[in-house]
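Hello,

Here is the structure I promised to pass on to you.

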Amino acid sequence: MFQSKELSLKSILGSKEGVHLTSYLLNQGDELHLKNQIYDSMAVAREHLTEVLTEEELKHFLSPLMQLLMDSQILKNFKSNIGIFRTKDSFRMLNVPIEVQPLCVVATSFHVKPLLRWIHADREFLVLGIEEDSVSLYSGTQSGRRHLATLDISTESQKFGNKVDRFTHGINEWLSQIATSKKAPLFLAGSQDLVKEVVQKLKYPAAKIVILNSSFDRDESSEIFAEARQWLQAETRRSLEDALIEFQGAEKLKQAQKNIFQIAKAAVKGRISKLFVTEGIQIFGKLDSRTGGVSINPDHMDHEDDDLLDDLAQTVLATGGEVIVLSKDQNLSGRPILAILKDKAGGLK
């Protein structure tokens, strides 16, 4: 089954309450460097948890990290940067195939800004490759691809129209079974005559169905995926530009906010349509999830402190809003957080 990245990360993005340790490891293929980062993460955990966990509880909490130090093979299996997510009852490691800064945060939820940036930068997509006698379906990301299915049809006993019908029947069966998220764009490649006939009969309410100007060969499909990735990269840039223009328009209509205290109050009430947070910036403090009250600390003071930008991103996601992680270069406002408020029809004014 094809599962969106948002769905696979849902348990991490929505995890609340209790002790959460998040660690991002920069993986340069150097085992010693990775282990030093794990040691640093364990030191951060001990600093913040010694007063709230017994020594035995702390030992148990850190045991998966200790196992990583002793079992080098686990680390060798990871080819990208690594995300570690630990609570009292769970432990999860992820390949995070985007740039990350080594970081460890102990708080009451996971630190998710890098994951949100990953979701936007490395979108999933589907590729449908149509040949004269077969059709193949793949899932892909910016960093990889996976073959899902191939349907072969004998051209000797099938008329052209029947062949298209058989193609599309099989394709629609696949799409109904594997696409748990209808947000994944679907790219079609192959004989243009066949592609145009097939696309008219597809039943896939995706955000995008894109016909690529390329033929398709199962044994030579790398160029197809490169073309699809370039298309997605360009669309991601356009989407970001449009979102920033939208913010400027919302400012003129007095439906935008730059003040973190006001943004927090709006966030807990579900009043934010789109939130922009800046990567590489952390503002530690505490958010009252009931009132939206915020207290800001000069540093990461204790295990209940969290990056408020991260907390607010999770709050907006939980109430149906969209979160966009900006680089410092992309955020020309100089403010670490920006918000577009829902319109009057949403009951905000």
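This is a predicted model: local features need pLDDT of at least 70, side-chain atom pairs count only at pLDDT 80 or more; totals for chains, interfaces and linings use all residues.

Have a look at the open sheet of three strands, which has the order β13-β12-β14 and antiparallel pairing. β13 (294–296) and β14 (306–307) are at the edges with a single partner strand each, so one side of each has no neighbour in the sheet. Lying across β12 and β13 is helix α10 (residues 260–268), which runs at about 140 degrees to β13.

**The cores**

Helix α10 comes up again here. The largest nonpolar core has 37 residues, and Leu115, Ile272, Leu275 and Leu312 are those with the most contacts inside it. Elements that give two or more residues to this core include α2 (10–13), β3 (91–96), α6 (113–121), β11 (272–278) and α11 (308–318). β15 (322–326) and β16 (337–341) are also among them. The largest share, six residues, comes from α10.

Which residues does Leu312 touch, leaving aside its neighbours within four places in sequence? Leu312 is in contact with Ile260, Ile263, Ala264, Ala267, Leu275, Leu287 and Ile337.

**Single residues**

Ala256 sits in strand β10 (residues 256–257). Is Ala256 buried or exposed? With a relative accessibility of 18%, Ala256 counts as buried, because the cut-off for that class is under 20%. Ala256 and Ala339 are 83 residues apart along the chain, yet 5.6 Å separates their C-alpha atoms. Leaving aside neighbours within four places in sequence, the contacts of Ala256 are Phe247, Ala250, Glu251 and Ala339.

Two backbone angles may interest you as well. Lys254, in the loop between α9 (222–252) and β10, has a phi near 60 degrees, a positive value in a residue other than glycine. Lys254 counts as exposed at 66% relative accessibility. Glu17 belongs to strand β1 (residues 16–25), and its phi is near 70 degrees, again positive in a residue other than glycine. At 64% relative accessibility, Glu17 counts as exposed.

Best wishes

Note on methods: Residues are numbered from 1 along each chain as its sequence is written. Side-chain values use heavy atoms; hydrogens and water are left out. Two strands pair if DSSP finds at least two bridges between them. Helices (H or I, at least four residues) and strands (E, at least two) are DSSP runs, numbered from the N terminus. Contact means heavy atoms within 4.5 Å. Axes are lines fitted to C-alpha atoms, for helices over the stretch in contact, and angles run from 0 to 180 degrees between N-to-C directions. A nonpolar core is a set of buried Ala, Val, Leu, Ile, Met, Phe, Trp, Tyr and Cys residues joined through side-chain atoms within 4.5 Å. Buried means under 20% relative accessible area, exposed over 50%, partly exposed in between (1.4 Å probe, protein chains only).
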